[in-house]
Structures are given as structure tokens and as C-alpha cells.
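Student: I would like to go through this structure and ask what the words used for it rest on. Please set each value against its definition.

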Amino acid sequence: MSADLEHIRQIMREADCLYTEAEVEAAIARIGAQITEELAERNPVVFCVMNGGLIFAGKLLTHLRFPLEASYLHATRYRNGTSGGELFWKSKPEISFIDRDVLIIDDILDEGHTLTAIIDFCHHAGARAVHTAVLIDKDHDRKARPDLKANYMGLPCVDRYVFGYGMDYKGYWRNAAGIYAVKGL
């Protein structure tokens, strides 16, 4: 069943803009420069976490000034439910990263359960090192591990329901040009 489009439009009309498109683009450029400086000589394999990481990864890749192999992975812990469980691969990585550095690009570091499981999977599958880049790091104390931090982080975010630049509201507004918080959430 599709969402009520008027409700979806109302969500955008009432949303609070946390970061403008210009602020987000500046953060992406900054992350790209950091990654280029630190990983350019390490021949990393770059993986976008679908679906949320798509827009951030696409924009970030244009700022990485070195040759790289790029692919995607799609993993979830929800499998059509509302509470997380074991990691389920919708699409496993197709490029081998045995003895390679891996860069995982995702939209948001919220609680981090899925990202932690992906990092563990990469290490177990033979990655030399695993690096993470997230556009948004949500500020709260519910992280999967207290020490969980992205190697490259774009913007901090208050603990609200956010959408835009890949993050969605009920499947919509991934395409919003900015980072928005749903009114009241």
C-alpha cells in the first residue's frame, strides 16, 4: 500500500531544515578531501550501503581523487519487521576485499547495529582494514557499542527523525536537498 501523498507533502512543508544543501555539500567535500589524503595510496574497495547511502556515496565518489573500485552492498537486520535481528544480506559484496582496505559509505550512524555487523563481516571475510564514512552521526547514547564512531563523519545531528540526502520518511524524500527533521519527531 502506498503512502498518502498529501501526508508525505505535508511532512516536508512542516519539517525543520537542520542543514541546507550548501552545508551538506561542503561537508561531503571535506570528507572527500580527508579520505583522499588518508586512503589514496591504500587501493581501497569502496562499498555503498543501499538504499540510504546511495546519494551520499554518489556525491562523495566525485571528491575521491584516486583510482578505486566501487560497488554496493545491501544488508538489513529487519527483514520486514520492526525490530532488528541477525544480519540478512539482500545483496552481498561482489568485489573481493581479501587483504584490501574497505571503505563503507552509509547515510547515517544512528544506533549502528547494521554498520557494526557489516564491519565485522568485512573483517571476518579478510579485509586488511575497514573504514567507515557517514553523512550524519546522530547524537544519543543508544549506540550498539559505546566506542562506535565513523572514521569520516559529515555532520552531527540531534536525536530526531531525519530525512534527505538518502535518508527517508516512509520511503519518500530521500531526494530532499538538505537534511530535515520531521516535526514533532
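Student: How many bridges join β2 to β3, and are the two strands parallel or antiparallel?

Tutor: Five bridges join β2 to β3, and the two strands run parallel. Two strands pair if DSSP finds at least two bridges between them. One place to look is valine 49, which stands opposite leucine 73 in β3. Before we go on: this is a predicted model, in which local features need pLDDT of at least 70 and side-chain atom pairs count only at pLDDT 80 or more, while totals for chains, interfaces and linings use all residues. Residues are numbered from 1 along each chain as its sequence is written, and side-chain values use heavy atoms, with hydrogens and water left out.

Student: What makes a stretch a strand or a helix?

Tutor: Strands (E, at least two residues) and helices (H or I, at least four) are DSSP runs, numbered from the N terminus.

Student: Why is β2 called largely enclosed?

Tutor: Buried means under 20% relative accessible area, exposed means over 50%, and partly exposed lies in between (1.4 Å probe, protein chains only). Five of the five residues of β2 (residues 45–49) are buried, so the rest of the structure largely encloses this strand. Val45, Phe47 and Val49 point one way, Val46 and Cys48 point the other way, and all are buried.

Student: Which strands make up the sheet that holds β2, and in what order?

Tutor: The order is β4-β3-β2-β5-β6-β7, an open sheet of six strands with mixed pairing.

Student: What makes β4 and β7 stand at the edges?

Tutor: β4 (88–91) and β7 (152–157) each have a single partner strand, so one side of each has no neighbour in the sheet. From one strand to the next, the twist averages 30 degrees. β4 pairs with β3 in the antiparallel sense over three bridges, and phenylalanine 88 of β4 is the bridge partner of threonine 76.

Student: Why is histidine 74 called buried?

Tutor: Histidine 74 has a relative accessible area of 18%, and therefore counts as buried. Histidine 74 sits in β3 (residues 69–76). Leaving aside neighbours within four places in sequence, histidine 74 is in contact (heavy atoms within 4.5 Å) with Met50, Asn51, Phe88, Trp89, Lys90 and Ser91. Two of these contact residues, methionine 50 and asparagine 51, are joined by a cis peptide bond, with omega about -5 degrees. Asparagine 51 is found in the loop between β2 and α3.

Student: Why are α2 and α3 called oblique to each other?

Tutor: The axes of α2 (residues 21–39) and α3 (residues 54–61) cross at roughly 60 degrees and come within 9 Å. Axes are lines fitted to C-alpha atoms, for helices over the stretch in contact, and angles run from 0 to 180 degrees between N-to-C directions. Angles under 35 degrees count as roughly parallel, over 145 as roughly antiparallel, 65 to 115 as roughly perpendicular, and the rest as oblique. α2 and α3 are therefore oblique to each other.

Student: Which residues make the contact?

Tutor: α2 supplies Glu25, Ile28, Ile31, Gly32 and Ile35, and α3 supplies Phe56, Lys59 and Leu60.

Student: Which strands form the other sheet, the one with β9?

Tutor: The order is β1-β9-β8, an open sheet of three strands with antiparallel pairing. β1 and β8 are the edge strands, each pairing on one side only. α2 packs on this sheet, touching β1 and β9, and its direction makes about 40 degrees with that of β1.

Student: How do you know that β9 is paired with both β1 and β8?

Tutor: Four bridges join β1 (residues 16–20) to β9, and two bridges join β8 (residues 162–163) to β9. In β9, isoleucine 179 is the bridge partner of tyrosine 19, and alanine 181 is that of valine 162. Both faces of β9 (residues 178–181) are covered: Gly178 and Tyr180 on one side and Ile179 and Ala181 on the other are all buried.
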